[in-house]
Amino acid sequence: MEAASAAEAQPISELADAAGIAVETATGAAFELESEGYLDVHEHTERSASLTEEGETYLDAGLPEVRLYEAALGADADEDAVPMGEVIGRSGLEGPEVDIALSNYARKGYGAVDSGEITADPGITTDDDAEAAALAAIAAGGEPSEDIVDALERRGLIEVSERTVRSVELTEAGAEAVEEGVEAAAGADRLTPEMLATGAWETAEFTEYNVEADASRDIPGKTHVLRETAENVKDVLVGMGFQEMEGPHVDADFYINDCLFMPQDHPARNHWDRFALSNPTEMDELPSDLVDAVESAHRNGVGADGEGYHSPWDEDFARALALRGHTTSLSVRYLSGLAAGELEPPQRYFSIGKAYRNDTLDATHLLEFFQIEGWVMAEDLSVRDLMGTFEEFYRQFGITDVQFKPHYNPYTEPSFELFGRHPETGELIEIGNSGMFRPEMLEPLGIEADVMAWGLALERLLMLITGAEDIRDVHGTLCDIEFLRNAEVNY
Amino acid sequence: MPVVEADPDELRRLTGHTEKSDDELKDDLFALGLEFEGETPEGDFELEFAPDRLDRLSVTGIARSLRYQYGDERGVYVPDTASPEWTIQVEDSVPDSRPYVSGAVVRDVNLSREALDALIQLQEKLHATMGRGRAKGAIGIHDVTMLRGEPMYAVGESGDAGEATGKKVTYRGVEPDGDTFVALDDDAERTPAGVLESHPTGQEYADLVEGEERYPAIYDDIGLFSFPPVINSRRTEVTTDSRDLFVELTGTDQWTLDKMCAIVCYALDARGGQIEDVTVEYPGRTVVRPDFEVREKRVAHERIETTLGIELDPEATVDYFERAGLDAEIIGLDGGTGYEVSVPPYRTDVLHAVDLVDDVGRAYGFNELVPRYPDVSTVGGRSESSRFERALRSRLVGLGFEDLLNFHMTNKAENYERMRVTEGADILGGGEAATIAEPYSEDYTMLRTWVLPSLLMVLENNTHREYPQDLSEVGFAAEVEESLETKVAERQSVGGVLARHDASYEDAKARLQALVAGFDAELETPATEHPSFIDGRVADVVIDGESVGVIGEIHPAVLVEHDLEVPVVGFEFSADALAE
């Protein structure tokens, strides 16, 4: 009230500034004071206009009908009627602009169009064109008359927006009250410790807030969206009885590939696909019993009618160090007894770890990604157990109707690619790879029981669930932190 | 996974099922394990296939698999072969790097344009898979009518040459510039070395033979007609008019060559061809090819039932084997029922009894199996370090940090130079880099030795985003350490940066204090020197008496280098300092 004046109406925003309070508070206070007769609140609508894209174009190039007129003058249409085609050609108008020019030409008195010929009224100054002038005025921030504004809006050259501006002035009663001195405590803006201590809160009246208005942005700490997904997957797998594995990212090719019954000349084992290291280059020693057993499996197979690969075997290659192309190297370390001692069935193990592939880096591929890997060891396992286990996993992520397509891996037989229905699009998409580990892999590791295994890229699962489209947003240094900040929490 | 093209109309014709729609065909192919990827402009199906069934690299092979699947064909089929007229003689001069040979003659083949294209596709796909890019095995196919074999004579009783018994070609080693021929798609006579230099195909495969003293070459009576693994001569080029074909294979492994040869023969047999044997004369032994040996493997009935999880009748099981293109005889095995299964020569994937079980499963239809949750009890749990890291990240998030997940691979400029650190210096981040031999690009040549550079790069990429930016990462870092088994020391490192217009050392220290206190550890920060930080505003992070990291105000040179316009404070230390 103190900021308001009896002499003139002032906009509430100005008063709020002067009084040092929020606009919302001031508005609320103004209405309250009005109901008590101390203030008059006036509302009026303010219109403001801005040029559309088309408007901007004509501001620069000139209104089409003006250009047509100038071209017509240039063709001496003020003396004789000139064929329209000639004038239009002269004007440089094209396409829809021609129609616009013609429809406004006669209306604004620039001349006449009749039977394909055009005449121009002499003596008109195009600078007098009211609409062009209005466009320029609006662009400069001024306010032309309402008729012109309506015309320009109808032509789609400007956009008009309205807002309500409230202004207040003191009534006579209000002016008197200010003279007598208004008690500020009557309308409390804020509850303070002092009010609590003195008991002044009991008589205070708290001004209404505009509780609907947005507050300023708070940026909280936040778990990375992919980590969160990894934790959700861990919850599910732990809930299904799986123990977590750990192991090195840099490892010998022996553990990454040879122990998996991958022939040494397999296409995926060259530098196009894997990241061999140049420093350091190889592991000094491998357990010789295990090496012998694995080499024998490669050369001769296992079992009564077993056959091996017709591929070279070189222990030096087995010792070469590389970034693991899959986390199945961890499964090998555990199954062989090296990581957690000799394992007897039943066992369930999983890991979510980085795998590195020399593939490509684009919207759907990364050079390093997270692989979900899980395996189950039991005395007798069947393909049905494999299907049942992994169906359950996907069900917990809302992916149903899982189909198993027969597939091939060098280290599993039978093998299946898993397909599931996308939770949103309903499309059938690949969601994993699985199989029963081959005897040629298990026997050298000393395993007699059956082992079934399955894997999937974590990023793929996340992108399926959230609909994210660019894998670089959800993993790696090329991220946009705004994406991470806004990523929906998923549980 | 490689892709093979197959004309759906040909599939309909070859399987005799012209009533099948495109969608029905796609479903049948999916059940075989061939996934539809798209269509070529000519309307051929592009099918992604798996490399265990290389016989399906040709449309005839796919059709054969479909006929078995439909039940229109059953059991093992092996084409008849006629007795040999031709010999491939292998001379001592053949380079040691490519000693083996296989081959066949195929007569009366119907080669339409489509059939010839399919044959070429089969050849190329076999080269790419089993042939290991032609290094392990390469196939040359020639028009027999353009060959003139050297006559071979039986030696008469008196020692003179008797009657002509056949024709031969010789596989020998030739000097790089020792002879000339006109290669396919060429117009001039060139030496083998000349072909490697000037012919596009020669350039592509040059590294397979370069460096040898002698190059592989096959000769008939006229001259050089095949330069494996590179290219054939134009003289023996196969066209749609060719009816009799000479197939030769050379490489480093006999079994591989024989299998490739068998697959080609089966494909040509399906085009009406009559297979004729060839004799291969090595110095010291003679063999007859193609090798259509049918191998026997045994599998126990119980194993099939256990692996598939169903009960089966032996008769039904024999039926499934036959529907997979195998033959099976019920036998006694290991005290129970078993099968002796005959495997045709185009099967390269049957190494063990499990492969037979897989065939039964596919014939039965894996999607007919009802999934069941195994009655196997195990207790699950996270690893200790996993639980610890989760608690650590939780605390960082509680302190207002945006948790990041950055790449482990980086390059020397990012990891060292842009941070003003020298590789090998005895400071945080100075460790020796584990480097990649053939990197994808120069951006990713090593494993990062510390996490702060990644955080600074994220700040660099996000200067258009709202401040303050408080970023942290609990992530992998590694450096060379020869004493370890893998020679690389891998650790989890905790890094944090605060970027804002008024960032100060105290802000970082406050967060670090709160973080460490949460794990009931003691923190000290004695002054130190580190080139990435401002002198006099940097300290060692000492947790429970051990120096494990650094904290300070980032040096302005580093900030300017990263195009940052706000001050940044940060810290990094080894995560396990806080673990129990």
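This is a predicted model: local features need pLDDT of at least 70, side-chain atom pairs count only at pLDDT 80 or more; totals for chains, interfaces and linings use all residues.
**Ground rules.** Residues count from 1 along each chain as its sequence is written, and chains are lettered from A in the order in which they are written. Local features need pLDDT of at least 70, side-chain atom pairs count only at pLDDT 80 or more, totals for chains, interfaces and linings use all residues, and side-chain values use heavy atoms, with hydrogens and water left out.

**Interface.** I started with where the chains meet. I found 89 residues of chain B in contact with 104 residues of chain A (contact: heavy atoms within 4.5 Å). The buried area comes to about 8,700 Å², and carbon and sulfur atoms give 54% of it (accessible area, 1.4 Å probe, that two parts lose on being put together, summed over both). B:L405, B:F407 and B:Y440 supply 9% of what chain B buries against chain A, more than any other three residues.

**A:N409.** This one sits in strand β15 of chain A, residues 403–409 (strands are DSSP runs of E, at least two residues, numbered from the N terminus). I have A:N409 down as buried, because its relative accessible area is 9% (buried is under 20%, exposed over 50%, partly exposed in between; 1.4 Å probe, protein chains only). Its side chain makes a polar contact with that of A:N433 at 3.2 Å. Leaving out residues up to four places away in sequence, A:N409 touches A:S415, A:N433 and A:S434.

My reminder: most residues other than glycine have a negative phi, and most peptide bonds are trans. I found a cis bond joining A:E413 and A:P414, omega about -5°; A:P414 is in strand β16 of chain A. Another cis bond runs from B:R289 to B:P290, omega near 5°, and B:P290 lies in the loop between β16 and β17 of chain B.

B:D520 is not a glycine but has a positive phi of about 55°. I place B:D520 in the loop between α14 and β26 of chain B, and it counts as exposed because its relative accessible area is 72%.

How values were computed: Helices (H or I, at least four residues) and strands (E, at least two) are DSSP runs, numbered from the N terminus. A polar contact is a pair of N or O atoms within 3.5 Å; within protein, one must be able to donate a hydrogen and the other to accept it, and residues adjacent in sequence count only if both atoms are side-chain atoms.
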